[in-house]
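The following account is written for a reader meeting this structure for the first time. Please keep the sequence and the model in view while reading.

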Amino acid sequence: MLRVDPGALGGMIAELARGCVLVTGSNGKGTTCRMLAQIMRAGGLHPVLNGEGSNQLSGLATTMVAHAAPTGRLRQDFRAIGLFEVDEGSFPEVMPHIRHPAAIVVTNLFRDQLDRYFEPAYIMGLLERTMRSLPPDTTLILNADDPRIACLAADLPNPRLYFGMADTGPCRSEPDPTSDCPRCPRCGGELAYSSVFYAHLGHWACPGCGLARPEPDIRATGIELIGSQSTRLEIATPAATTVISVPLPGLYNAYNALAAVAAATQCQLPEESLQAVGEITAGSYRMERVEVDGRDVYLALAKNANGYTEVLRAVLGDGLPKRMLLGLNTNPGKQPDTSWIWDVDFDAIAGLVLVPVVSGNRAADLAVRLKYAGWPDPGDVIVQPDPVAAFQAALAATPPGQPLWIVSTSVVLSGIRAWLRRHGYVRELWQEFAREQQEQARRPRLRIRPQAPALPASVQPRPVRRRTALPLQTVELPAADMPSAGPVRPLVAGSTVSMPTTADLPPLIAEGDDPAAPAGREASIEDRGAGL
Amino acid sequence: MKITIGYLYPDMMSTFGDRGNVETVRRRCAWRGIGTEITELKLGDPIPAGLDLILIGGGGEAQQRLVAADLHKVKAPGIRDAVAGGTAALAVGGGFELFGRFCQPERGAEYPGVDLFDCWTIRRSTLLGDDYGTIAQAKADRVIGELVVQWDDRLLVGFENHSGGTYLGTAAQPLGLVLTGHGNSGTGTEGVILDSAVGTNLRGPCLPKNPALADFLIAAAVGRLHPGAELMPLRDELEQAAHDDCLQRVLPAGRIRRVRPGRAAGTGPARQPRLTRPQRSPQRASRTTDAATRP
């Protein structure tokens, strides 16, 4: 599609009635999108979102095509809003297709895939250069606790909305070993932290030039980490304070929820709809739970040093020993660099993993890493590069009723998931995605407002286009070419053939004619919602 | 028995998992009953006397510029004196580039190095330049992949990710010969060795998978105060497995270049590196000659 008509994707995105919101950053894009989608649905909008991982240009095009009518235009929906997860490295390629995003959420910036993305400063330059071409009313929704993100494109006139942690309860006493130690974005000096949440996220200031963390508009004023299952958050927005429970563990998910709430506030979604964050299910591989022979198996994806560290902290945060399978792999032909495992804080959890099993095509590297992190006797670590064999070994070592945690990069997880699917424990990812979309559409909606919420100021109403009917042309064929059909014969004896006349046809409504017209459709959705 | 390790710029030059090298030295010493004292040396800290081992990793472009200025102003004489006095050193990736005579980014002024090794780096590009609109464009200008090096009669394995423009002067002795990968400048040599100081493009955590190199450095550090001391051998099954695993990935592809006998053995300190394969493009060949005649 992109090759046939480079403007087609942009055209379709521009047709989204309520504009679109983009989410980018190193970690947490997918989960933030899922949370935000739930809030939007609860608020009466119909988010059009790209499936997990389809966050480069091709994935976005596929998503839009799936929502298009055969005419190549979007199906008409006055509640449709685009919600796109955009890979931070693909940002420059994706942005030209999105002429007028309502808001851009930037979650954080970590070292990630150094062989693919180079250093974080390079990615930051990439984001900043691309943002120069944004319309001046696109709101930037930024993480105030990440010094680089807080000062992203500081000279742009765009409105900025900051989110950050205010409750310093769960903060760490000393800087994190996985920290990127970014320098002051203004003067390049060393930053001082009064509290660190994880890595380089915290309350920062530059003693050199006086630059400090901006006071966030959306603040987490209370964080309660409830074991390895969920989190309770008290979030203060300029309008009110809400307590929401996030059914996902870890501080990083608290940040994801905060980002989603900030974006929802920007979209002027009602306060009550924020509770919908509590309804989200774990995304595929994001602490996805599968029951296998009486044991809960959790699949958690970790792709870089910070992700891996935070997932381990979330799982082992309650201090109780767990059974785990740790995986490390490279994808064939790309991302051969696994040096980041030396930045994962394996040292802190050395005694907490019973019978560790390591797997993946780089299992040998991971085993060496664990040995040097002071994990007990190296002989206790089971090294099994084949994911399925490793999974079976780990499962055998897990007594029924006990959970098994699988933390890994993608290939090991997909290998195990494929086995689980073949044996009927889970469905295909695309089936899960489709089922979820269907369920969401069917789920009764809490109608909070009688009318749809007002358009955000930054979203331009779609121009009304009238389609003019093409004049019909009559072609007269020479009589000699006509087959000798004779009179029309009824197909069944005794019946008559009736040809429709123009009077029987429904009146032609031009697409995009009148926003007020499809009131009947809205009512039917309301009714269905109330009936369920 | 105890050795003192100077860990240079742990906050700014440890972007590529370089902490793995520090951990490897620490643990391998501990398993042998050798104590380690790790001194973190940041911007402004002078090189203290009595270091047995100096370690430096790689960092981002902006960090390297700050570090280069500090090395030149504060630490360079201390490092040169220490190595002359028998201190072992390992400079990896960006740190290796900074331990040479100078480093020339594509844009902006060149920055002076420590001048420990007789080598210099001319980057084909700088990542932060405005020229690259996309990742793909920036990537095309770098050497990224696995690197296998013949070091005397042993093999070193690891990963390289650099612009591939480090050139050796006549006084420099290469650490080894490239069997697979790019190495210093694509002419078949990899790294530099000067007494017990090693510079290499085996980026990031190169010691865990190359216990022989780790023990070479530890032996040199211990030997400073205890000449003739022998290191107790360790059980290195896991390390060896990871090492062999890397060779296995590279070998089936048939990418190991044959090293003719005589080449490896005859590499003397005063020898210019010889071309072991034809240049890939005339552009790069001319670049190499320019650079080689530069200082």
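The paragraphs below treat the division into domains and then a pair of helices.

The model is predicted. An automatic or database assignment divides chain A into domain 1, residues 8-280, and domain 2, residues 286-430. Between the C-alpha centres of domain 1 and domain 2 of chain A there is a distance of 27 Å.

The two domains also touch: 22 residues of domain 1 of chain A are in contact with 20 residues of domain 2 of chain A. On the side of domain 1 that touches domain 2, the elements giving two or more residues are helix H2 (29-42), helix H5 (114-117) and helix H8 (251-266) of chain A. H5(A) supplies the largest share of that side, namely three residues. By residue class, this side of domain 1 of chain A consists of 10 nonpolar, eight polar and four charged residues.

Attention now turns to the pair of helices. Two packed helices are described by the angle between their axes and the distance between the axes. For helix H11 (residues 387-396) and helix H12 (residues 410-422) of chain A, the axes come within 8 Å and cross at roughly 70°. Since angles from 65 to 115 degrees count as roughly perpendicular, H11(A) and H12(A) are therefore roughly perpendicular to each other.

Pro387(A), Val388(A) and Phe391(A) form the H11(A) part of this contact, while Val412(A), Gly415(A), Ile416(A) and Trp419(A) form the part belonging to H12(A). The residues of the contact of H11(A) with H12(A) comprise six nonpolar, one polar and no charged.

Conventions:
Residues are numbered from 1 along each chain as its sequence is written. Chains are lettered from A and ligands numbered from 1 in the order in which they are written. This is a predicted model: local features need pLDDT of at least 70, side-chain atom pairs count only at pLDDT 80 or more; totals for chains, interfaces and linings use all residues. Two residues are in contact if their C-beta atoms, placed from the backbone, lie within 7 Å. Helices (H or I, at least four residues) and strands (E, at least two) are DSSP runs, numbered from the N terminus. Ala, Val, Leu, Ile, Met, Phe, Trp, Tyr, Cys and Pro count as nonpolar, Asp, Glu, Lys and Arg as charged, and the others, Gly among them, as polar. Axes are lines fitted to C-alpha atoms, for helices over the stretch in contact, and angles run from 0 to 180 degrees between N-to-C directions. Angles under 35 degrees count as roughly parallel, over 145 as roughly antiparallel, 65 to 115 as roughly perpendicular and the rest as oblique.
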